[in-house]
Amino acid sequence: MVEFAVNRGRENVAMLSIGAYRPRHLVSNDEVCEVLDSTDEWIYERTGIRNRRWISGDETLRSMAVAAGARALDNGEIDRSKIGVLILATSSWLKLTPHGAPSVAYDLGMNGIPAFDLTSGCGGFGYALGVAADMIRAGSVEYALVIGAETMTVGLDPTDRGTAMIFGDGAGAVVVGPSEENGISPTVWGSDGENAEAITQDVDFLQYMNRAQALQGTDPEVEPVGRMSLHMEGPKVFRWAAVTLPRALATAIESSGVAKEDIEVFIPHQANQRINDLMKKNLGLAEDVPVANDIENTGNTSAASIPLAMEEMLVTGKAKGGQTALLLGFGAGLSYAGQVVTLPPAPKESSFPEG
């Protein structure tokens, strides 16, 4: 009987460094309300958002992902030749072929390594972090670069009161690698396809292609296709979150092997600050445990929101490298992913643009 070789990995894995990129254009609620029928007060009261950042000029998802990845590598002083895989968590890369990660790897000077996109909505970073940690533990690679990057505004209807005020653009990245002590707990993740249509785009790719072909002169009656817009059934998503997320948070802590009292920082997906504060209260975390509030001036950046929020807390001193943090991403799918982690060191280079 033929005996195949088996990879031997590293049991202890951690986030070794972090980097991020925030677009230059800071968009206030008042600016959003120039098109949207709403007010600054209404938006902030219901979401916790005052500003968000939107791409402008030559900024793209690709350029932001590259910038965040480069900063993560530089902040950790990690030799790029050690990176064995690049995972790009995104739902807004506009092409199925070619997918984004190989281009990002090329731009980072790491052409040739395994590089793939992972699409799991706002839970994408948690999924990618879990996959990267398990790849290292399995011995498939020694180091991984995980990037969450989104240009949510590309598919945004500026008149939709359910989404236009919420989303922003940005990118965050971490280097994952072997460590003396384990710094990433087993991932707790799941999905609910029965209610998946609660967050959806209004034009699917097949419909888009069919209409595009029809517009090539064969059917003059066909209406031109506008850009794809994201829509969300807020009440349905909230009901799902109210039932699913408390259980996911409790399971993440239980699976990590640490006690609830050991959690020093809470970094949930930046979907709604009121929801995040409620999750902390329902979970029974200590009053002095800080909760990420990057949503206030960054908005909801989907798969980029957790690394961006983590970076903001480390840059501002709300959290410190080495602390124990609870992460939970959730959204489209409907899906979620969470871990208990040891925070990486504060970045040497901040992502906050001047002004």
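Biologist: Which residue does Leu88 face in E5, and what makes strands E4 and E5 a pair?
Modeller: Leu88 stands opposite Asp117 in E5. Pairing asks for at least two bridges found by DSSP between the strands; E4 (residues 83-89) and E5 (residues 115-118) have 4, and they run parallel, so they qualify as a pair.

Biologist: What are we looking at, by the way?
Modeller: A predicted model, in which local features need pLDDT of at least 70 and side-chain atom pairs pLDDT 80 or more, while totals for chains, interfaces and linings use all residues. Residues count from 1 along each chain as its sequence is written, and side-chain values use heavy atoms, without hydrogens or water.

Biologist: How does the chain get from E4 to E5, and what decides the handedness of that crossover?
Modeller: The chain goes through helix H4 (residues 100-107), giving a β-α-β crossover that is right-handed. That label applies if, with the strands pointing away from you, the path from the first strand over the helix to the second runs clockwise. On the way, in the loop between E4 and H4, sits Pro98; the peptide bond between Thr97 and Pro98 is cis, with omega about -5 degrees.

Biologist: Which residues of H3 and H4 meet, and how do they divide by class?
Modeller: With contact meaning heavy atoms within 4.5 Å, Arg62, Ala65 and Val66 of H3 meet Ser103, Val104, Tyr106 and Asp107 of H4. They come out as 4 nonpolar, 1 polar and 2 charged. Nonpolar takes in Ala, Val, Leu, Ile, Met, Phe, Trp, Tyr, Cys and Pro; charged means Asp, Glu, Lys and Arg; the others, Gly among them, are polar.

Biologist: How do you know the handedness of the H7 and H8 crossing?
Modeller: Handedness is right if the near helix is turned clockwise from the far one by less than a right angle, and left if anticlockwise; H7 passes H8 in a right-handed crossing. The axes of H7 (residues 234-256) and H8 (residues 273-283) cross at roughly 50 degrees and come within 10 Å, so these helices are oblique to each other too. Across the contact, Phe238, Leu245, Leu249, Ala250 and Ile253 of H7 meet Ile275, Met279 and Leu283 of H8: 8 nonpolar residues, no polar and no charged.

How values were computed. Axes are lines fitted to C-alpha atoms, for helices over the stretch in contact, and angles run from 0 to 180 degrees between N-to-C directions. Helices (H or I, at least four residues) and strands (E, at least two) are DSSP runs, numbered from the N terminus. Angles under 35 degrees count as roughly parallel, over 145 as roughly antiparallel, 65 to 115 as roughly perpendicular and the rest as oblique.
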